[in-house]
Amino acid sequence: EEEESSTEVEWHFLLIMRPIMAFNESGGRHLIIIRHGERCDFVFNAPGKKSWVKRAFTEQGAYTPFDCNLPRNVPRRSDGHEGFESDTPLTEMGYLQSKLIGRAMRDQGIQIDHIYVSSALRCIQTGVGIIKGYGLGRGENRELKMNIDGSLYEWMQWCRGVKPSTMEHSDMLKIGKATVKNRNYRGVLFVKTVILLYSFLISGYPINTLYKPMATVDELRLDETVPQYYQRSHSLVQRVLKKHTTGTILLIGHASTLEATTRQLCGGEIRSNEDFFTMLRNTPYLGSVHAFEHPRRGWELNGSAVPPLTHSSNYSFDPSIFKLERDEIKKRAEKDYNFNL
């Protein structure tokens, strides 16, 4: 039993270390593709209830988070707060997840040379978190900026016939200045002044405003088929690889991005719709895949560049349950699937 246990430990160790060894041994290029972090709408929207946007914003646009996992502040956007309905931000946990992955990359000794990001806000904020966790932001030894490209956006039929909102570059460059909230603290004038002065120095997401994308989201077809989505993703990867002949490239996108950007690159055929959806359902937040360029065999998939990120779910707690009596408990369980008998 001890020998079997030891062999199992060694096998798991090799599974984790294989991508790291490939980084050290391969002289070719590397692609790391990552899904975005936890998104607000999937956590807080429920059928038959108001969306999280309608619950957190007044009609005038004042923002008050109703849950500790909602972002403390949200960026102002040219299309108004309604734009968050189709362009959701990360939750606080989603941003933390992103920072953990950035830290893991740094700890594994992976050097990121270029970053390409879907134009969805949740992907951009994931990139910000990874950069922050890695230590590649302003004031660090090395600063990286994100290239935002609509071609990395998810399969367009998820949009259900409506083009999603995306934030303007000008809005993202103001982030920091445009998210300061009035609070009733003592010395508020002094605090606000310091924050505003500091925000002018550090404000803005680290984006490359000179980058010209292969496509914007407005240019994508809402009736896009799965094969067309595969081809769009593959074309973007070919474009990126043509531009960068060396180094490690990070792509930040959606659950489908990991599959669609690597399938044809590594010699596979476009999957059926059924198999494509299976890949999506089994790609969690911050799931990542690593592909590297072998000098003789070409591009190969090589597992994940970092260890997996695993944590349990945590549903919203209602302290009123402690007022329930025996006959009320069963009624509550019938109405609330989170309530366990």
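1. Let me start with the pair α4 and α5, which in this predicted model are oblique to each other. Their axes come within 6 Å and cross at roughly 45°. As for handedness, α4 passes α5 in a right-handed crossing.

2. Which residues make this contact? On the α4 side they are Tyr-95, Ser-98, Lys-99, Ile-101, Gly-102, Arg-103, Met-105 and Arg-106. From α5 come Gln-125, Thr-126, Val-128, Gly-129, Ile-130, Lys-132, Gly-133 and Tyr-134. Sorted by class, the contact of α4 with α5 has 6 nonpolar, 6 polar and 4 charged residues.

3. Next, the nonpolar cores. The largest has 47 residues, and those with the most contacts inside it are Trp-52, Met-105, Ile-112, Ile-115 and Leu-250. At least two residues of this core are supplied by each of β1 (30-35), α2 (40-44), α3 (52-56), α4 (92-107), β2 (114-117), α5 (121-134), β3 (146-148) and β4 (248-253). The largest share comes from α5, with 7 residues. A second, separate core has 16 residues, including Ile-33, Tyr-116, Leu-236 and Leu-265. As background, nonpolar side chains tend to be buried together in soluble globular proteins.

4. What does Leu-250 touch, leaving aside its neighbours within four places in sequence? Its partners are Ile-32, Ile-34, Met-105, Ile-112, His-114, Ile-115, Tyr-116 and Ile-130. Among these, Met-105, Ile-112 and Ile-115 are listed with Leu-250 itself as having the most contacts inside the core. Met-105 and Ile-130 also take part in the contact between α4 and α5.

5. Please have a look at Arg-122 too, which is found in helix α5. Is this arginine buried or exposed? At 1% relative accessibility, Arg-122 counts as buried, since the cut-off for that word is under 20%. Beyond four places in sequence, Arg-122 is in contact with His-36, Arg-39, Thr-88, Leu-90, Tyr-153, Glu-154 and His-254.

6. The other helix pair I would point out is α8 and α9. The axes of α8 and α9 (residues 255-262) come within 8 Å and cross at roughly 70°, which makes α8 roughly perpendicular to α9. The contact is made by Tyr-229, Tyr-230, Ser-233, His-234 and Val-237 of α8, together with Ser-256, Thr-257, Glu-259, Ala-260 and Thr-261 of α9. Those residues divide into 4 nonpolar, 5 polar and 1 charged.

7. How many residues of α9 are buried? The count is 8 of the 8, so α9 is largely enclosed by the rest of the structure. The buried residues include Glu-259 as well as Leu-258. Around them, the buried residues of α9 pack against β1, α8, β4, α10 (273-281), β5 (288-294) and β6 (298-301).

8. His-234 lies in helix α8 (residues 226-243) and counts as buried at 13% relative accessibility. Not counting residues up to four places away in sequence, His-234 touches Ala-260, Gln-264 and Leu-265. Leu-265, found in the loop between α9 and α10, is buried with a relative accessible area of 12%. Past its sequence neighbours within four places, Leu-265 is in contact with Leu-31, His-234, Val-237, Gln-238, Leu-241 and Trp-299. Leu-265 and Gln-238 are 27 residues apart along the chain, and their C-alpha atoms are separated by 8.3 Å.

9. Finally, two backbone angles for your checklist. Arg-160 has a phi near 55°, a positive value in a residue other than glycine. Arg-160 lies in the loop between β3 and α6 (169-174) and counts as exposed at 78% relative accessibility. Leu-286 is not a glycine, yet has a positive phi of about 60°. Leu-286 is found in the loop between α10 and β5 and is buried, with a relative accessible area of 3%.

Methods: Residues numbered from 1 in each chain as written. Predicted model: local features only at pLDDT ≥ 70, side-chain atom pairs only at ≥ 80, totals over all residues. Heavy atoms only, no water. Core = buried A, V, L, I, M, F, W, Y, C linked by side-chain atoms within 4.5 Å. Buried < 20%, exposed > 50% of the residue type's maximum accessible area, 1.4 Å probe, protein only. Helix = DSSP H or I, 4+ residues; strand = E, 2+ residues; numbered from the N terminus. Contact = heavy atoms within 4.5 Å. Axes fitted to C-alpha atoms, helices over the stretch in contact; angles between N-to-C directions. Parallel < 35°, antiparallel > 145°, perpendicular 65-115°, else oblique. Left-handed = near helix turned anticlockwise from the far one by under 90°. Nonpolar A, V, L, I, M, F, W, Y, C, P; charged D, E, K, R; others polar.
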